[in-house]
Amino acid sequence: MKFGEKLRKYRNEKGLTQAELAKQAGLGINTISNYESGKTYPQNRAVYKILAEILGVDPDHLHNEN
């Protein structure tokens, strides 16, 4: 599963909108949308950690694609 697919899955499981996740993570809604669609990926490893903490998942699991 790719990063964007995982991000969308865990965001939905938490009942968060893209806007809510973006606000909590200190990111723009377009950034979250682009991550979920696979257009872009976080350039900074710390972003994976922030998103993982909000979503309650392991940062390495969120980052690794298989």
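**Entry 1: aspartate 60 and arginine 45**

I began with a charged pair: the side chains of aspartate 60 and arginine 45 form a salt bridge, with the closest N and O atoms 2.9 Å apart. I placed both partners: aspartate 60 sits in helix α5 and arginine 45 in helix α4 (residues 45–55), so the pair links distant parts of the chain, 15 residues apart. I noted that the model is a predicted one.

I then looked up how open the two residues are. Aspartate 60 is partly exposed, at a relative accessible area of 40%. Arginine 45 is also partly exposed, at 46%.

**Entry 2: the whole chain**

I stepped back to the fold. The protein chain has five helices and zero strands, and along the sequence I read the pattern α-α-α-α-α.

I checked the overall dimensions. The C-alpha trace spans about 25 × 20 × 20 Å along its principal axes. A compact globule of 66 residues would have a radius of gyration near 11 Å, and the protein chain has 10 Å, which agrees.

I looked at burial and surface. Of the 66 residues, 35% count as buried. The chain exposes about 4,000 Å², and carbon and sulfur atoms supply 48% of that area.

I also looked up how far apart in sequence the contacting residues are. Among contacts between residues at least 6 apart, 57% join residues at least 24 apart.

**Entry 3: charges and salt bridges**

I turned to the charges. The chain carries 10 positive and 8 negative charges, and their mean positions are 3 Å apart. How many salt bridges are there in the chain? I count six salt bridges.

**Entry 4: arginine 11 and glutamate 36**

In another of these bridges, the side chains of arginine 11 and glutamate 36 meet at 2.5 Å, N to O. Arginine 11 lies in helix α1 and glutamate 36 in helix α3 (residues 29–37), so the pair ties together parts that are 25 residues apart in sequence.

Are arginine 11 and glutamate 36 buried or exposed? I found both of them buried. I also found that the two belong to a network of salt bridges that links Arg8, Arg11 and Glu36.

**Entry 5: glutamate 65 and lysine 2**

I next looked at the two ends of the sequence. The side chains of glutamate 65 and lysine 2 meet in a salt bridge at 4.0 Å, N to O. Glutamate 65 lies in the segment after α5 (59–63) and lysine 2 in the segment before α1 (3–14), so this pair ties together parts that are 63 residues apart in sequence.

Glutamate 65 is partly exposed, with a relative accessible area of 36%. Lysine 2 is partly exposed, with 48%.

**Entry 6: lysine 6**

Last, I looked up a lysine without a bridge. Lysine 6 is in helix α1. I found lysine 6 buried, yet without a salt bridge. Which side chain of opposite charge is nearest to lysine 6, and how far away is it? It is glutamate 65, 7.1 Å away.

I then listed what surrounds lysine 6. Leaving out residues up to four places away in sequence, lysine 6 touches Met1, His61, Leu62, Asn64, Glu65 and Asn66.

Technical notes:
Residues numbered from 1 in each chain as written. Predicted model: local features only at pLDDT ≥ 70, side-chain atom pairs only at ≥ 80, totals over all residues. Heavy atoms only, no water. Helix = DSSP H or I, 4+ residues; strand = E, 2+ residues; numbered from the N terminus. Rg over C-alpha atoms; globule rule 2.2 N^0.38 Å. Buried < 20%, exposed > 50% of the residue type's maximum accessible area, 1.4 Å probe, protein only. Contact = heavy atoms within 4.5 Å. Areas by Shrake-Rupley, 256 points an atom, 1.4 Å probe, with all protein chains shown as cover. Lys, Arg positive; Asp, Glu negative; His and termini not counted. Charge placed at Lys NZ, Arg CZ, Asp CG, Glu CD.
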